[in-house]
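Please keep the structure open while you read.

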Amino acid sequence: MDFEINTKGKGLFLTLSTISLIIIMAFTTLLWYFISPRLHEISFWLAKSILNLLRLFYLLIISGTILLFVTCYLERVVKIALPVVRIAIKFLFPITVFFGKIFMIPKDKIRNSYVFVNNSFIKAYKKHYQPEEILILLPHCLQNADCKMRINYNIENCVHCGKCDISNLINLAKKYKVNIAVATGGTLARRIIIKTRPKIILAVACERDLVDGMLDVFPIPVYGLLNERPEGPCINTRVNTEILENILQKIIRSER
Ligand code: SF4
């Protein structure tokens, strides 16, 4: 179920998360080593309960990490485990960013990798949606910088001059009868989401906006597509509409 041309990039986030979790486990073990004699002095049962909690914590971390790798690389997994793993990757993101800073890995590289990991989970769901349950959410920077049409107010204001990808994207949304909107920021995006009440969002944006949006609207699944920036960030950006159409075809519920 390949939606994208580029499906690489998950490795960084997965490696960094694993290293982060190993460090956390090593730290808690060390902490236990130092405080357990004191805890035993206070109460045997208190020490035993904390040790059991620690064992449970390790079990969750190890099984969660295995599940994370299996889901990401096979893109299929026991469905009942998916919500748990999705919650785990949401909380893993700040942890990996924290450890990424220590290893001097740029935040955008981690975000980029996170987008691919997140997308793997949506593919693993193999869930299909009615067209009206799908929202294509676009960034304002896709609009040609010289265009005066107020498409963030209403995307239908586009007059289809063809100078940017908005025209093709509107046609795509019409073809598949899905919702489409342009958001200039998080507040407007949230307003659009409240209005359209999507069950899934196909979002186009840069690494920072995509990941912020994904974490912001959780638990609504967001399939992220990174925009292309031939003229640099935030101006005249582009998106591969073929990939977007491919994703739509995979997630729309077939009437047959
Ligand atoms: S395609 Fe639409 S949004 Fe893009 S420049 Fe032309 S009128 Fe403006």
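Predicted model: local features only at pLDDT ≥ 70, side-chain atom pairs only at ≥ 80, totals over all residues.

The points below go from the whole chain to single residues.

1. The protein chain has 256 residues, and 30% of them count as buried. Its C-alpha atoms fill a box of roughly 75 × 45 × 30 Å along the principal axes. Eight helices and four strands make up the secondary structure. In sequence order the pattern is α-α-α-α-β-α-β-α-β-α-β-α. Among contacts with a separation of 6 or more, 67% join residues 24 or more positions apart.

2. **Two domains.** Domain 1 covers 10–124 and domain 2 covers 128–251. Their C-alpha centres are 32 Å apart. Ten residues from domain 1 and eleven residues from domain 2 form the contact. On the domain 1 side, α3 (82–102) and α4 (107–125) each supply at least two residues. Helix α4 gives the most to that side, with eight residues. By type, the domain 1 side divides into four nonpolar, three polar and three charged residues.

3. **The largest nonpolar core.** Which residues touch the most other members of this core? They are Ile 136, Leu 137, Leu 202 and Ala 203, out of 52 residues in the core. The largest share, eight residues, comes from α4. Domain 1 and domain 2 each contribute at least three residues to this core. Ala 203 is worth a look on screen. Beyond its neighbours within four places in sequence, Ala 203 is in contact with Leu 137, Leu 210, Gly 213, Val 222, Gly 224 and Leu 225.

4. **Helix α7.** This helix spans residues 207–217. Its buried residues are Glu 207, Asp 209, Leu 210, Val 211, Gly 213 and Met 214. What do they pack against? The partners are the helices α4 and α6 (186–196), along with the strands β1 (134–139), β3 (200–205) and β4 (222–226). Leu 210 and Gly 213 are both buried residues of α7, and both are in contact with Ala 203.

5. **The ligand shell.** The ligand is surrounded by 14 residues. The closest are Asn 144, Cys 147, Cys 158, Cys 161 and Cys 164. The shell divides into eight nonpolar, five polar and one charged residue.

6. **A cis peptide bond.** Most peptide bonds are trans. The bond joining Phe 218 and Pro 219 is cis, with omega about 15°. Pro 219 is found in the loop between α7 and β4. Please check this bond when you go through the model.

7. **Positive phi at Lys 177.** Most residues other than glycine have a negative phi. Lys 177 has a positive phi, near 60°. Its place is the loop between α5 (166–176) and β2 (179–183). Is Lys 177 buried or exposed? Lys 177 counts as exposed because it has 11 C-beta neighbours inside 10 Å, and the cut-off for exposed is 12 or fewer.

8. **Positive phi at Asn 236.** Asn 236 is not a glycine, yet its phi is positive, at about 45°. The residue lies in the loop between β4 and α8 (241–251). Why is Asn 236 partly exposed? There are 19 other C-beta atoms within 10 Å of Asn 236. A residue counts as buried at 20 or more, so Asn 236 with its 19 is classed as partly exposed.

Technical notes: Residues numbered from 1 in each chain as written. Domains from an automatic or database assignment. Contact = placed C-beta atoms within 7 Å. Nonpolar A, V, L, I, M, F, W, Y, C, P; charged D, E, K, R; others polar. Near = placed C-beta within 6 Å. Core = buried A, V, L, I, M, F, W, Y, C linked by C-beta atoms within 7 Å.
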